[in-house]
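This briefing goes through one protein model, topic by topic. Please have the sequence and the structure open while reading.

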Amino acid sequence: MTMEEDDWEAVEYCIGEISTHAEMKRMYALLKAHSNRMAQQMKYNLQVGQTVSFVSRGGNTVTGVLTKKMQKKAHVEVGLTTWTVPMQMLTIEGDEDAGTV
């Protein structure tokens, strides 16, 4: 499921309504828990040897081969370089049903 523009506006409005540190901590805990669920789901969908991609810090899409799965991160071999990438940042290439989580 992809969020629509109206959904993002609602999220932005809710964040703007946060007025205490306790509310901010609760929001952070919810986001962190969701991120962890996404990482676990991606981990189960990935297989060593699959072609995956991710967006680097520079904003470039990088494509490589998954060489190792760890708890929350994966090793992706791109040419002679091995990147350590958080699971939720990976997209499975060549499998339109899988995609990102």
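The model is predicted, and local features are described where pLDDT is at least 70. It has an open sheet of 5 strands, with antiparallel pairing, in the order β4-β3-β2-β1-β5.

**Sheet order and edges**

- Going across the open sheet, the strands come in the order β4-β3-β2-β1-β5, and they pair in the antiparallel sense.
- The edges of the sheet are β4, residues 81-86, and β5, residues 91-92, each of which pairs on one side only.

**β1 with β2**

- Strand β1 covers residues 51-55 and strand β2 covers residues 61-69; the two run antiparallel and are joined by 5 bridges.
- Ser53 has Thr63 in β2 as its bridge partner.
- Phe54 stands opposite Val62, which is also placed in β2.
- The hairpin of β1 and β2 has 5 residues between the strands, and Gly59 in this hairpin takes a positive phi near 90°.
- Thr51 belongs to strand β1. Thr51 counts as partly exposed because its relative accessible area is 35%, and partly exposed covers the range between under 20% (buried) and over 50% (exposed).
- From Thr51 to Thr67 there are 16 residues along the chain, and their C-alpha atoms are separated by 9.7 Å.

**β2 with β3**

- Strand β3, residues 73-78, runs antiparallel to β2, and 4 bridges join the two.
- Across this pair, Lys68 stands opposite His75 in β3.
- The two strands form a hairpin, with 3 residues between β2 and β3.

**β3 with β4**

- β3 and β4 run antiparallel and are joined by 6 bridges.
- Glu77 stands opposite Thr82, a residue of β4.
- This hairpin, formed by β3 and β4, has 2 residues between the strands; in it Gly79 takes a positive phi near 60°.

**β1 with β5**

- β5 pairs with β1 over 2 bridges, in the antiparallel sense.
- The bridge partner of Val52 in β5 is Ile92.
- Is Ile92 buried or exposed? Ile92, a residue of strand β5, is buried because its relative accessibility is 5%, and the cut-off for buried is under 20%.
- Ile92 and Gln50 are 42 residues apart along the chain, with 7.4 Å separating their C-alpha atoms.

**Helix α2**

- Helix α2 spans residues 21-45 and contains Met27. Met27 has a relative accessibility of 24%, so it counts as partly exposed.
- The C-alpha atoms of Met27 and Glu9 are 16 Å apart in space, and the two residues are 18 apart in sequence.
- Gln40 is also located in helix α2. Gln40 is partly exposed because its relative accessibility is 31%.
- Gln40 and Met3 are separated by 37 residues in sequence and, C-alpha to C-alpha, by 21 Å in space.

- Asp6 is exposed because its relative accessible area is 59%, and exposed means over 50%.

Technical notes
Residues are numbered from 1 along each chain as its sequence is written. This is a predicted model: local features need pLDDT of at least 70, side-chain atom pairs count only at pLDDT 80 or more; totals for chains, interfaces and linings use all residues. Side-chain values use heavy atoms; hydrogens and water are left out. Two strands pair if DSSP finds at least two bridges between them. Buried means under 20% relative accessible area, exposed over 50%, partly exposed in between (1.4 Å probe, protein chains only).
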